[in-house]
Amino acid sequence: MTVALSDRAAYRATLLDLARTDTRIWCLDSDMGGLEKQFQAELPNQYVDVGIAEANLMTVAAALASTGLLPFVNTMAAFASARALEQVKLDIAYHGLPVRIAATHAGFSAAHYGPTHHAQSDVAAMRALPGLTVLAPADPGETARLVAAAAYLPGPVYLRLGRDAIPPVYGDEQHETTIGAAVPLRSGDDVTIVASGALPVRFALDAADELAALGIGARVLNVHTIKPLDVPALVAAAEQTAGVVTVEDHSVLGGLGGAVAEALAQHRPTRVCRVGIADTFCARPGTHAEQLAAAGVSTAHVVSAALTLGPLCTSIWD
């Protein structure tokens with residue numbers, strides 16, 4: 001039986017494995033908790049804790065990267081994309097430095113911490129920075145593969161992670177992960193569901209099952225790389241299905257849905273329905289999934305969106 005882990009735990013284990021064999025890989029901490037017991041305990045000469053000082057964290061990482069090191073910085077998505085955005089822009093992205101920003105608690109995964117820690121606009125901020133790769137894995141296994149692939153990628157990387165244990169998408173089977181290439185998880189010729197991140201991909205798969213029971217074939221694409229986007233896969237989906245539903249743990253403004261809509265508007269105009277966090281703050285208590293559902297992101301929302309798309313779905317009900 002496959003044990004559910006968090007993508008954060010998978011990232012940390014992979015980072016330590018990489019650093020054991022390459023002394024250029026450093027871990028920069030911001031009092032995130034746990035890294036001092038794992039990474040620092042084994043590799044103290046490759047670990048720095050700057051404290052709760054996210055802007056300084058980015059500047060220190062840029063300085064280390066400029067000497068030939070490969071720093072991974074660790075903070076929460078809300079702080080990486082807002083509090084330290086100027087340093088990410090000017091110190092890291094502007095110089096094209098190989099800093100990997102491992103941002104946990106993305107979207108509403110910091111559920112009980114409330115709006116101060118929610119990160120519903122981080123993708124919008126990060127994908128707008130030139131030369132910055134944006135990754136959002138769907139499960140712990142994919143997280144490990146993306147971290148290994150991103151370790152030696154030219155330029156900066158933003159790795160979007162959650163907080164809690166999540167069920168695997170791929171199970172125990174071997175799976176190749178290529179940065180920039182969407183992963184087809186289900187075939188279908190009626191509608192396409194494009195998802196990014198752990199819960200959204202699970203919602204997409206569950207929605208595809210519900211749609212199949214209605215006689216609707218839903219293609220599911222896992223877009224673990226939001227930038228650079230797999231435009232050919234999106235164009236093929238637009239050509240072969242009646243429309244596209246995007247699903248994300250992010251605002252409906254500027255995230256995966258915006259990126260997909262922009263790409264298809266240019267290359268193959270089609271209907272795009274965005275399932276994402278409504279344009280509002282979430283102040284209600286609840287779990288990650290409960291808060292997302294209240295904000296407009298759930299399996300039911302994906303099914304409802306798919307049923308609004310195009311003549312193929314309409315004809316099924318006629």
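Predicted model: local features only at pLDDT ≥ 70, side-chain atom pairs only at ≥ 80, totals over all residues.

Reader: Which residues of α8 and α12 meet?

Author: From α8, Phe203, Asp206, Ala207, Glu210 and Leu211 take part, and they meet Thr299, Val302, Val303 and Ala306 of α12. By class, this contact of α8 with α12 has 6 nonpolar, 1 polar and 2 charged residues.

Reader: How are two packed helices described?

Author: The description uses the angle between their axes and the distance between the axes. For helix α8 (residues 198-213) and helix α12 (residues 299-306), the axes come within 8 Å and cross at roughly 55°. That angle makes α8 oblique to α12.

Reader: Is the crossing of α8 and α12 left-handed or right-handed?

Author: The crossing of α8 and α12 is right-handed.

Reader: And at what angle do the axes of α9 and α10 cross?

Author: The axes of helix α9 (residues 231-240) and helix α10 (residues 256-267) cross at roughly 70°, coming within 10 Å. Angles from 65 to 115 degrees count as roughly perpendicular, so α9 is roughly perpendicular to α10. The crossing of α9 and α10 is right-handed.

Reader: Which residues make that contact?

Author: On the α9 side they are Val231, Leu234, Val235 and Ala238, and on the α10 side Val260, Ala263, Leu264 and His267. These residues divide into 7 nonpolar, 1 polar and no charged.

Reader: A change of topic: how many aromatic pairs are there in the whole structure?

Author: A search of the whole structure finds 1 aromatic pair. Tyr11 and Phe72 form this pair, which is tilted, with 6.4 Å centre to centre and 40° between the planes. The pair links distant parts of the chain, as Tyr11 lies in helix α1 (residues 7-21) and Phe72 in strand β4 (residues 70-76), 61 residues apart.

Reader: Are Tyr11 and Phe72 buried or exposed?

Author: Both Tyr11 and Phe72 are buried.

Reader: One last residue, please. Where is Arg163?

Author: Arg163 is in the loop between β7 (157-160) and β8 (165-166).

Reader: Why is Arg163 called partly exposed?

Author: The relative accessible area of Arg163 is 24%. Partly exposed covers values between the 20% limit for buried and the 50% limit for exposed, so Arg163 counts as partly exposed.

Reader: What is Arg163 in contact with?

Author: Leaving aside neighbours within four places in sequence, Arg163 is in contact with Ser6, Asp7, Arg8, His105, Ser109, His112 and Tyr113.

Methods: Residues numbered from 1 in each chain as written. Heavy atoms only, no water. Axes fitted to C-alpha atoms, helices over the stretch in contact; angles between N-to-C directions. Helix = DSSP H or I, 4+ residues; strand = E, 2+ residues; numbered from the N terminus. Parallel < 35°, antiparallel > 145°, perpendicular 65-115°, else oblique. Left-handed = near helix turned anticlockwise from the far one by under 90°. Contact = heavy atoms within 4.5 Å. Nonpolar A, V, L, I, M, F, W, Y, C, P; charged D, E, K, R; others polar. Phe/Tyr/Trp six-rings, centres within 6.5 Å; stacked < 30°, edge-to-face > 60°. Buried < 20%, exposed > 50% of the residue type's maximum accessible area, 1.4 Å probe, protein only.
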